[in-house]
Amino acid sequence: MSKKSLLLIEIVWAILGLACLGIAIREISHNGLRGAWLWIVMSAGAFGLAALRDSQRKKM
């Protein structure tokens, strides 16, 4: 993969992580942690994959 495509995928993962984090904050304010744990896990996974893509892009 080229550096540009890895950067694009990294940005998409970061945006997805921010969106999930925003939904988690909204769920915490409305329903408490009970309804937000899945969104927190999804946000952490998305940020983890963005970090993985960042390290792959920097190694190229």
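Residues are classed by relative accessible area as buried (under 20%), exposed (over 50%) or partly exposed (in between), with a 1.4 Å probe and protein chains only. The structure is a predicted model, in which local features need pLDDT of at least 70 and side-chain atom pairs count only at pLDDT 80 or more, whereas totals for chains, interfaces and linings use all residues. Residues are numbered from 1 along each chain as its sequence is written, and side-chain values use heavy atoms, with hydrogens and water left out.

Helices are DSSP runs of H or I with at least four residues, numbered from the N terminus. Helix H1 spans residues 3–31, 29 residues in total. The distance from its first C-alpha to its last is 41 Å, close to the 42 Å expected at 1.5 Å a residue; the expected span is 1.5 Å times one less than the number of residues. Gly32, with a positive phi near 85 degrees, follows H1.

The buried residues of H1 are Leu6, Glu10, Gly17, Cys20, Ala24 and Glu27, and they pack against helix H2 (37–59). Glu27 has a relative accessible area of 15%. Apart from its neighbours within four places in sequence, Glu27 is in contact (heavy atoms within 4.5 Å) with Gly32, Gly35, Ala36 and Trp39.

Four salt bridges are found in a search of the whole structure, a salt bridge being a side-chain nitrogen of Lys or Arg within 4 Å of a carboxyl oxygen of Asp or Glu. In one of them, the closest N and O atoms of Arg57 and Glu10 are 3.0 Å apart. Because Arg57 lies in helix H2 and Glu10 in helix H1, this pair ties together parts that are 47 residues apart in sequence. Glu10 is buried, at 14% relative accessible area. With neighbours within four places in sequence left aside, Arg57 is also in contact with Lys3, Leu6 and Leu7, among others.

A further salt bridge joins Lys58 to Asp54, with 3.4 Å between the closest N and O atoms. These two residues are four apart in helix H2 and are therefore separated by about one helical turn. Lys58 is exposed, with a relative accessible area of 61%. Through shared partners, salt bridges link Glu10, Asp54, Arg57 and Lys58 into one network. Glu27 and Arg26 also meet in a salt bridge (3.3 Å, N to O); Glu27 is buried, while Arg26 is partly exposed, at 48% relative accessibility.
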